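Hello,

Here is the structure we talked about. Please have it open while you read my notes below.

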Amino acid sequence: MEKNWWKGKVAYQIYPKSFNDSNNDGVGDLKGITEKLDYLQDLGIDILWLSPVYKSPFVDQGYDIADYYAIDPIFGTMDDMDELIMEAKKRGISIIMDLVINHCSDQHEWFQKALADPNGEYAEYFYFVESENGVPNNWRSYFGGSVWDKVPGTNKYYLHSFHKAQPDLNWQNPVVREKLFNMVNWWLEKGIAGFRVDAIMNIKKDLSWSSLPSDGEEDGLVTVDEVLAYAQPIEPFLTELKEKTFDRYNAFTVGEVFDETGDELQFLIGENGMFSSIFDFRPILLDRKGKRWYTFEQSSANALKETIYKTHKLTDSIGILSTIIENHDEARGATRFIPAEDISDTSKKALATLQILRKGIPFIYQGQEIGMENQTFDTIQEYDDINTINEYHVAISDGLTDEDALHAVQKYSRDNARTPMQWTDQEYFGFSQVKPWLLSSHPNRQINVASQINDATSVLSYYKKLTALYRHALYGESIRSGVFRPVYESVDHLIAYERVGDRRVQVLINFSNQEQRITLEEAYTELLVNNLESINQGGLELYLEPYQALVLGY
Ligand code: TEU
């Protein structure tokens, strides 16, 4: 198999609980995914990332793994998994799993044994730290509160960067590393093509466990995110992981890495980098004004454009990014990136064009391809996500009214993207015959696959046009591997770039509700894609309608 077989591919993320429920228990499952492989093939998907399907108590929806070698019964059996891998392969689709190895579930056998004997060998699988006077330091977990919880019956505390039901694994312990590596190889042996690697920059800890100055919130704590800078070096762990596992199988890996600096890119995704690719979270992070969801603000088209240009300038000579507009942790991209009054099929198609044709591996998140938007939940009780519930309570304790707190979490809740995939406009969306595990108060069921699949003008059909360009006889090579080059940079709200390989493809996106005029430098050979019915052109003068996106071949 070719070394960089994954270059120029199109990927899709499945959130298994919410994709397709084959046995009508209200929860999606593996057989449900297998049933939809033809749909995914038709969409032009090469790589399928499954969010966790391992055995789990689902405190954090499967990102708390109780057994790495077992499929959770709500998703089916290991036979179902084998069948999915095989059926996908038949359709030219590679499956990648979610690799969650910073932490496991408190229900994992290792943690249970550690609790049973807090001085025994399994305690060494975790960070059990002795402390006489309360928690060892002032670090705050990602989901709120201290990262430390008491080991019952001792004066020790265990570390959890995320929820208390997600104890961090002790990567300092070579036995733990070896067991994790064996597990990774076991899955690769099974025939999966690689992994999306969860929270991987958290595996190294600052073993001095020093407190840091509070980040200014009332609890006096500091987010564990800030501590990562002191947790060095991480290289030995990542190198060992890669050499003992991924490299041996020529696996594709995409790291969940936030806030990487330009200096780190070579190490992360360069020629001999730790991962094949990492996600480009920069567009999503643009909203992060202040620390809490209630302080976040929607970014502008110009900010988005600037970030994208900058990111490519910084990265493209080094490695390949994986691009997203949303995922299971984020608001829906349409709602995030398009001003509410401008959301339409046209603007969704413009956003799609921007993401899918950038240089990189586009990851389409389930439902994105039909233009799913944020969901409305009327009360905090209707939410499932632990992060949402935490952000809500923080907002309340910071003095927001119930209404304002709810308003903030509505916009950024992880549940926005976790509701069932909308296959039809039926009561339960053709996802299930029974009430799904997660349901918004007012589902926007008019957005669904059935109504779009045979409509050549639908968002879904448009996504297919974009992915088809990856296989285009003349222009495919440029789309798959061509250089990214910004054009018409100074034109307000116009996000425009070329992909230059054997041929030249120009992508022009008017990301605004105002008409925009430009003068082309030369006549194009072919209009490859247009998200509107017509093109308003006089000679080289081009008038772009609001949110019009054009893909021109030269
Ligand atoms: O996310 C890691 C992570 O950094 C998240 O805390 C992220 O900042 C947050 O979800 C944004 O709202 C990964 C998974 O993607 C997430 O679903 C898990 O909850 C988390 O790891 C713990 O495994």
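Just after helix 7, Asn 250 takes a positive phi of about 50°. Keep in mind that this is a predicted model.

Now the helix itself. Helix 7 covers residues 235-249, 15 residues in total. From first C-alpha to last, helix 7 reaches 20 Å, close to the 21 Å expected at 1.5 Å a residue. Helix 7 is bent, though: the angle is about 40°, at Glu 243.

Which residues of helix 7 are buried? They are Phe 237, Leu 238, Glu 240, Leu 241, Lys 242, Thr 245 and Phe 246. Note that Glu 240 and Lys 242 are on that list.

What do these buried residues pack against? Two helices are among the partners: helix 5 (174-190) and helix 8 (262-269). The others are strand 5 (94-99), strand 10 (194-197) and strand 12 (252-255).

Next, the domains. The domain assignment gives domain 1 as 11-101 + 176-204 + 227-462. Domain 2 is 481-553. Their centres, taken over C-alpha atoms, are 29 Å apart.

The two domains touch. On the domain 1 side, 23 residues are in contact with 28 residues of domain 2. The size of an interface is often given as the accessible area lost when the parts come together. Here domain 1 and domain 2 bury about 2000 Å² between them. Carbon and sulfur atoms account for 65% of that area.

How many salt bridges cross the interface of domain 1 and domain 2? The rule finds zero.

Best wishes

Conventions: Residues numbered from 1 in each chain as written. Predicted model: local features only at pLDDT ≥ 70, side-chain atom pairs only at ≥ 80, totals over all residues. Heavy atoms only, no water. Helix = DSSP H or I, 4+ residues; strand = E, 2+ residues; numbered from the N terminus. Expected span 1.5 Å × (residues − 1). Bend = angle between axes of the 7 residues up to and from the residue. Buried < 20%, exposed > 50% of the residue type's maximum accessible area, 1.4 Å probe, protein only. Contact = heavy atoms within 4.5 Å. Domains from an automatic or database assignment. Buried area = accessible area lost by both parts, 1.4 Å probe. Salt bridge = Lys/Arg side-chain N within 4 Å of Asp/Glu carboxyl O.
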